[in-house]
Amino acid sequence: VDGSLMDGWMDAQELATRNFGSEVRSDRPITDLSRAPTHGVTILPSLIMPHSRGTVKLNSADPSVYPAIDPRYFEADVDMQQMVEAYKFVRKVATTGPLSEV
């Protein structure tokens, strides 16, 4: 991938979240976050200022009718290329100590 794509690196942001002390409870379904691991890291790259543009169109003059939303994610090739680079970076970070030991 072209190195100039990293010029848009500020468009990608890694959000890191740590899960601390999750409690396991037998009275809750498996989907309940209380069954989550007691430790770990999540790194989630995302595009903050994507080049792709979606649309929002009114389906009716009635405000109770939902609009038609087409987000057109990754319509611009550069958005996909930047996300690929962001995930490569996240993989590198995650496999580098001490984070790789978590």
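**Lys 88 and Glu 85**

I started in helix 1, where Lys 88 and Glu 85 sit three residues apart, which means about one helical turn separates them. For the record, helices here are DSSP runs of H or I with at least four residues, strands are runs of E with at least two, and both are numbered from the N terminus. The two side chains meet in a salt bridge, at 3.6 Å from N to O. My cut-off for a salt bridge is a side-chain nitrogen of Lys or Arg within 4 Å of a carboxyl oxygen of Asp or Glu. Side chains of opposite charge can pair when their charged atoms come close.

I checked the cover on both partners. Glu 85 counts as buried because its relative accessibility is 16%, while Lys 88, at 47%, counts as partly exposed. Buried means under 20% relative accessible area, exposed means over 50%, and partly exposed is in between (1.4 Å probe, protein chains only).

**A note on the model**

This is a predicted model, in which local features need pLDDT of at least 70 and side-chain atom pairs count only at pLDDT 80 or more, while totals for chains, interfaces and linings use all residues. Residues are numbered from 1 along each chain as its sequence is written, and side-chain values use heavy atoms, with hydrogens and water left out.

I looked up the confidence next: pLDDT, the predictor's confidence in each residue on a scale from 0 to 100, averages 75 for the protein, and 61% of the residues score at least 70. Residues 5–22 fall below 50, yet this stretch has 47 contacts in the model beyond near neighbours in sequence. A contact means heavy atoms within 4.5 Å.

**The other salt bridge**

How many salt bridges does the rule give? The count comes to two. Asp 70 is partly exposed at 36%, and Arg 72 is partly exposed at 31%.

**Asp 79, without a partner**

Asp 79 is also in helix 1, which covers residues 77–94. Asp 79 is buried but has no salt bridge; Arg 53, the nearest side chain of opposite charge, is 6.5 Å away. For charge, I count Lys and Arg as positive and Asp and Glu as negative, leaving out His and the chain ends.

What does Asp 79 touch? Leaving aside residues up to four places away in sequence, I get Leu 47, Pro 50, His 51, Ser 52 and Phe 74. I followed up His 51, which lies in the loop between strand 2 (41–47) and strand 3 (55–57). His 51 is partly exposed at 45%. From His 51 to Met 80 I have 29 residues in sequence and 9.9 Å in space, C-alpha to C-alpha.

**Nonpolar patch**

Met 80 turned up again in a nonpolar surface patch with Tyr 73, Phe 74 and Val 84, together about 420 Å² of accessible area. Patch residues have over 30% relative accessible area and no salt bridge; nonpolar side chains (Val, Leu, Ile, Met, Phe, Trp, Tyr) are joined within 5 Å, like charges within 9 Å. Areas come from the Shrake-Rupley method with a 1.4 Å probe, and for residues only the protein chains shown count as cover. Val 84 lies in helix 1 and is partly exposed at 35%.

**Whole chain**

I read the elements as β-β-β-β-α from the N terminus on. Of the 102 residues, 19% count as buried. The protein exposes about 7900 Å², with carbon and sulfur atoms supplying 58% of it.
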